[in-house]
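Subject: Structure handover

Hello,

Here is the structure for you to look over. My notes follow it.

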Amino acid sequence: NTREALEIDKETQTTHWQDAINAELAQLHDYQTFQDLGCGSKAPSDHLRIRLHFVFAIKHDLRRKARLVAGGHITDPSKDESYSSVVSLKSIRLALTLAELNELKIVVGDIGNAYLEAYTKEKVYCIAGPEFGDLAGHTLVIVKALYGLRTSGARYHERFADTQRDMNFVPCKADCDVWMRKG
């Protein structure tokens, strides 16, 4: 948890975990993840209060990663679609093999903080904890598809598909998570 991560920093006389927390909070700010209602403000009556927590990881290159995750498990299952498919490894291998055999250009990428590209339809809020610095005690309505919310995967998948279509890509008939376009 956050307290233990910061204790490790103190014991090792480093700021690795604090830096990771600060980087995550800066990203959340950049993506305008929250609507700040102010300190001590009441949330809309149709919103559910949830908790947020950090998940900590050490990457293969020894970078520290702190991801803020919503406790979406306490929300009611959504009436909206919450399923989000994922491209299969077999489809990737087949597409890469066919592209190579046909001398086609292949483009792949990784989208950092992918879920934060999409808006959530869930009506949830939190009270910012001390790790939020100046925002501690503020009522924050969650407006982006924060990791941990039940429908975040589906909301991101919709956003990604819309963007792909805007760039004239179409989903493959054999695997709708492989996108192609004539080029």
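The model is predicted.

**Threonine 120**

Threonine 120 sits in the loop between helix H3 (89-101) and E5. Is threonine 120 buried or exposed? Its relative accessible area is 13%. Buried means under 20%, so threonine 120 counts as buried. A polar atom of the threonine 120 side chain lies 3.0 Å from the backbone nitrogen of glutamate 122. Beyond its neighbours within four places in sequence, threonine 120 is in contact with Ile142, Val143, Lys144, Ala145, Leu149, Thr151 and Arg155.

**The sheet**

E5 belongs to an open sheet of 4 strands, in the order E1-E6-E5-E2. The pairing is mixed. Strand E1 (34-39) and strand E2 (48-49) are the edge strands, and each pairs on one side only. Strand E5 (residues 124-127) and strand E6 (residues 138-142) run antiparallel, joined by 3 bridges. In one of the bridges, cysteine 126 has leucine 140 in E6 as its partner. In general, strands of a sheet pair through backbone hydrogen bonds, either parallel or antiparallel.

**Helix H1**

Helix H1 covers residues 2-12, and its buried residues are Thr2, Ala5 and Asp9. They lie on the same side of H1, because they cover an arc of only 65 degrees around the axis. An α-helix has 3.6 residues a turn, so residues three or four places apart point the same way. The buried residues of H1 pack against helix H2 (16-30) and strand E3 (52-58). On the face turned away from the buried side are Lys10 and Glu11, both exposed.

Both ends of H1 are worth a look. At its start, a side-chain oxygen of asparagine 1 comes within 3.1 Å of the backbone nitrogen of arginine 3. After H1 comes glutamine 13, with a positive phi near 50 degrees.

**The largest pocket**

How much space lies in the largest pocket? About 1700 Å³. Its lining has 39 residues, and those nearest the centre are Val107, Asp177, Val178, Trp179 and Met180. H3, helix H4 (152-166) and strand E8 (179-180) are the elements that give two or more residues to this lining. H3 gives the most, with 7 residues.

Best regards

Key. Residues are numbered from 1 along each chain as its sequence is written. This is a predicted model: local features need pLDDT of at least 70, side-chain atom pairs count only at pLDDT 80 or more; totals for chains, interfaces and linings use all residues. Side-chain values use heavy atoms; hydrogens and water are left out. Two strands pair if DSSP finds at least two bridges between them. Buried means under 20% relative accessible area, exposed over 50%, partly exposed in between (1.4 Å probe, protein chains only). A polar contact is a pair of N or O atoms within 3.5 Å; within protein, one must be able to donate a hydrogen and the other to accept it, and residues adjacent in sequence count only if both atoms are side-chain atoms. Contact means heavy atoms within 4.5 Å. The arc is that of the directions from the helix axis to the C-beta atoms. On a 1 Å grid over the protein atoms alone, a cavity is a set of points where a 1.4 Å probe fits but cannot get out, and a pocket is an open set with protein on both sides within 12 Å along at least five of seven lines; lining residues have an atom within 4 Å of a point. Grid points are joined across faces, edges and corners, and a volume is the space filled by probe spheres set on the points.
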